[in-house]
Each structure stands twice: as C-alpha cells, then as structure tokens.
Amino acid sequence: MYRVIASDLDGTLLNPDHRVSEVTKQTIHALLAKGKKFIIATGRHHIDVKAIKEAIGADIYLITSNGARVHNAQGELVFSQNVAPEIAQQLSELVLPTGVQANIFRDDDWFINEESQELLDFSQDSTFSYEVADLSRLDKHGVAKFFFCGPHEQLVTIERQIKAQFADAVNTSFSLPKCLEVMDISVNKASALTEVLKLKGFTLADTIAFGDGMNDVEMLQAVDKGLIMGNAANMLKTALPEHEVIASSADDGVARYIKANIL
C-alpha cells in the first residue's frame, strides 16, 4: 500500500476555479490521520502555494517551480536550484512575438513583462502577485524558472530556439499547451521528489503521483504508479500511453481515486 502521495495542483488537485474542494481537503486530512505523507508538486511559486497549503490546513512538503524549490512542512527551504545567471540573462533578452508574455520567478518575487489578468486568476486565494518589469534589466541571481505564456504554436517555436541555444543548460516543459516552462537542466518534479523522499526515509516505490501536464512526465514515470487526470492535455496522454487515466479535476478525481484505492 502506498505511503506517500504526490500531486500537482492546477488541473489536478485544484478544481477549475483553482481552489481546493472540501472533499479534497477532507481526503488529505484522512490520509495524514492514517500516517501517510502528502506532497504538493507544482510549477507555482512557493509563496503562492503557501496560501493553498493554508487553505488545506495541513503541514505538508511543497515542491514548487517544477522542482527548483522545496520547502518542508514547517515552511523552511530545504532545496534550491537556480537557472545560471548568464543563461537567465540571455533568456530575458529573447525577442518574443506579439502575444507571448515572459515571466520570471526569482526567490520571493514574480516578474512579468506585461500585465496579465489571466495569470492572476490562477491565484484567487493568494495575495501573491507579479511586478511588471523590463526582465532584461533584473538581477539574474536566484532565478528559479522562466515561463512563457501564449499561443501553443508560437511557444513551440520558442522552445525549439531555447533548446538549440541552451540544450545542455536548461530543461523545458509545457505545464499547459499555452505555458512553456524553463528551469535549470537538473530541475524537474521527479528529482525534487526523490530528495524529499530521502529526507523522510521513503522511496519512489512507496509513492503514487497525480498530474495533468508535460511538467509532470518525469514524476509520473519515476513513481511506482503515476496517474493522469481525465482533463489532462493530449500531449501527456500521448507521452504516457500506458498510464491509467482517472476522473477529471472538476470531479475531484484525485480525492475519488484516493478514497477508493488508498484509504
């Protein structure tokens, strides 16, 4: 029986309004009451995720920025891996097509090159927000990740350019078809999860994980059982054709699976 449960947030643990449902909260507390561990693994900024952790009302580990940051149950930073400053500077100088937004997560800050209400709507229960800035002029020390938002076809072109220029320095993935994420080459959710499990005395064989985006691929492949949400992008379902697909986030798919198979 699995002792550790890891879950992505948007499109997975959270409902379409980007909130934790009461059913999901109750299910997480039931897991913890049975001595099991629950870990959030998301692309979101760690300050943003603190609000979600508080909404759940439980002391849990947070893997954020796709694995570039890990905070323990007490909120202490236990792992950090940044994009190299010189690479971050070059990424900030990319010429982007109209309609593509560039973002930087740097330590406790979020910077964006232009206003985006759509991105703010992802964090309705959080006071965490961005600062509009000329990204090329920012200090590039402490950059956890870049992410670019816009039409998928344009992002595919940007990803191709980034891979050609920085193939040995960065890891790229799509958290959503319209969101391209860029981290240090060593960063992904699976590597961060492995570090957390070592700290707690568990292994990947003890772990089950849930996800819906391409930034979940490594994690879903690494654990003993990786589950794909019904609402997941077709890119993920195609990449992992042998993985089980469960109910959607709108139907509390994670909670339903846990109640039926783990509790």
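1. Contacts of Ile185. In this predicted model, Ile185 touches Ala167, Asp168, Ala169, Val170 and Asn171, leaving aside residues up to four places away in sequence. The residue sits in the loop that connects β11 (179-184) with α7 (189-200).

2. Exposure of Ile185. The relative accessible area of Ile185 is 42%. This residue is therefore classed as partly exposed, since that class lies between the cut-offs of 20% for buried and 50% for exposed.

3. Ile185 and Ala84. These two residues are separated by 101 residues in sequence, while their C-alpha atoms lie 9.9 Å apart in space.

4. Secondary structure and overall dimensions. The protein chain contains 10 helices and 13 strands. Its radius of gyration is 17 Å, close to the 18 Å that the globule rule gives for 263 residues, so the chain is as compact as a globular protein of that length. Along the principal axes, the C-alpha atoms fill a box of roughly 50 × 35 × 35 Å.

5. Of the 263 residues in the protein chain, 56% are buried. Among contacts with a separation of 6 or more, 58% are between residues 24 or more positions apart.

6. Surface and charge. The accessible surface of the protein chain comes to about 11200 Å², and carbon and sulfur atoms account for 48% of that area. The chain carries 24 positive and 36 negative side chains; the centres of the two sets are 6 Å apart.

Methods. Residues numbered from 1 in each chain as written. Predicted model: local features only at pLDDT ≥ 70, side-chain atom pairs only at ≥ 80, totals over all residues. Heavy atoms only, no water. Helix = DSSP H or I, 4+ residues; strand = E, 2+ residues; numbered from the N terminus. Rg over C-alpha atoms; globule rule 2.2 N^0.38 Å. Buried < 20%, exposed > 50% of the residue type's maximum accessible area, 1.4 Å probe, protein only. Contact = heavy atoms within 4.5 Å. Areas by Shrake-Rupley, 256 points an atom, 1.4 Å probe, with all protein chains shown as cover. Lys, Arg positive; Asp, Glu negative; His and termini not counted. Charge placed at Lys NZ, Arg CZ, Asp CG, Glu CD.
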